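Please keep the sequence and the structure at hand while reading.

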Amino acid sequence: MTAVRLAASSAPAATGLAAVGNVYRVYATREGLVGGTTANGHVITSRDHFVALPSRRGLSPKGTGDYTVRVCTTSGARCEFAPVWDVGPWNTTDDYWNPPATRQSWKDLPQGRPEAQAAYQNGYNGGKDQFGRAVANPAGIDLGDGVFWDGLQLTDNAWVDVAYLWTAGGPRGVIGSGPLNIRAGAASTFASKGYAATYAQVPIECWVTGQSIAGPYGTTTRWDRVGAGQYVSHAYISSTSGGAAPAC
């Protein structure tokens, strides 16, 4: 019998990013299901901004971003910070971002490899998910329509780079009003690099002084750098945690 060796597809965080935790390249599908109810009780709206992961171990309570991901196109041109509000695709006990020792199911798979991906690409588990269904694609994340079409500007299912932000510490800010444009610089005149969804917890690497913005949480010239070449106005941050971020 020929042995099959499985390896996770890891996408290291770009140089200069704040602590974002584990980052893996996984296959993303569009969730859709407008009018349906997610695993945390959220009713899905048109062009909604949330994601689904295949384990309740990464599920945020309704109206929070306790579990937030940063999902980017593989080119890094577009990103979105979005809360995890649903469970799927394919499986419901596959916290693949955790080490094998603490992973709920399929502990023989490498960290970062979704069971559905291993089933689809390598015939793992007979090519089936936990419910015995033949896996038709390697998806490890579902994207709400707003993340899919607007945040990442995807036109079809695609590989994406996902950071599981709760696997790291450091300063964080909660987006109180979104989806908020992520700008390439500290002013609204800079190009949009994607979005930060309402309730998403974004890593604050440092802050700079820029254009004065009047937002729901005051008027300020502070812009928070949430990644290399990625800024959001602090006027849209409802609260912070994890310590004070330094000036850039």
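## Charge and basis of the model

The protein carries 19 positive and 17 negative side chains, and the centres of these two sets lie 4 Å apart. In this count Lys and Arg are positive and Asp and Glu are negative, while His and the chain ends are not counted; the place of each charge is taken as NZ of Lys, CZ of Arg, CG of Asp or CD of Glu.

The model is a predicted one, in which local features need pLDDT of at least 70 and side-chain atom pairs count only at pLDDT 80 or more, whereas totals for chains, interfaces and linings use all residues. Residues are numbered from 1 along each chain as its sequence is written, and side-chain values use heavy atoms, with hydrogens and water left out.

## Overall form

The protein contains two helices and 14 strands, where helices (H or I, at least four residues) and strands (E, at least two) are DSSP runs numbered from the N terminus. Its C-alpha atoms fill a box of roughly 65 × 40 × 30 Å along the principal axes. The radius of gyration is 18 Å, which agrees with the value near 18 Å that a compact globule of 248 residues would have; this radius is taken over C-alpha atoms, and the globule rule is 2.2 Å times the number of residues to the power 0.38.

Of the 248 residues, 50% count as buried, a term that means under 20% relative accessible area, with exposed meaning over 50% and partly exposed in between (1.4 Å probe, protein chains only). Among contacts (heavy atoms within 4.5 Å) between residues at least 6 apart in sequence, 62% join residues at least 24 apart.

## Disulfides

Two disulfides are present in the structure, a disulfide being a pair of cysteine sulfur atoms within 2.5 Å. When the bonded cysteines are numbered in sequence order, the pairing is 1-2, 3-4. Cys72 and Cys79 form one of these links, with their sulfur atoms 2.1 Å apart, and this link is right-handed, with 105 degrees about the S-S bond. Cys72 is buried at 6% relative accessibility, and Cys79 is buried at 3%.

Cys206 and Cys248 also form a disulfide, with 1.9 Å between their sulfur atoms, and the link is right-handed, with 90 degrees about the S-S bond. Because Cys206 lies in strand 11 (residues 206-215) and Cys248 in the segment after strand 14 (237-241), the pair ties together parts that are 42 residues apart in sequence. Cys206 is buried, with a relative accessible area of 4%.

## Helix 1 and its surroundings

In helix 1, which spans residues 115-122, Glu115, Ala116, Gln117, Ala118 and Ala119 are buried. The buried residues of helix 1 pack against strand 1 (22-30), strand 5 (139-143) and strand 6 (158-164). Gly123 follows helix 1 and has a positive phi, near 70 degrees.

Asn125, in the loop between helix 1 and strand 5, has a phi near 55 degrees, a positive value in a residue other than glycine. Asn125 counts as partly exposed at 40% relative accessibility.

## Other backbone features

Arg47 has a positive phi of about 55 degrees although it is not a glycine; Arg47 is found in the loop between strand 1 and strand 2 (51-53) and is partly exposed, with a relative accessible area of 40%.

A cis peptide bond, with omega about 0 degrees, joins Gly88 and Pro89, and Pro89 lies in the loop between strand 4 (79-87) and helix 1. The peptide bond from Gly178 to Pro179 is cis, with omega near 0 degrees, and Pro179 is found in the loop between strand 7 (172-175) and strand 8 (180-183).

## Arg172

Arg172 is placed in strand 7 and counts as buried at 7% relative accessibility. Leaving aside neighbours within four places in sequence, Arg172 is in contact with residues including Ala19, Val20, Leu165, Gln201, Ile204 and Thr240. The C-alpha atoms of Arg172 and Phe50, which are 122 residues apart along the chain, are separated by 18 Å.
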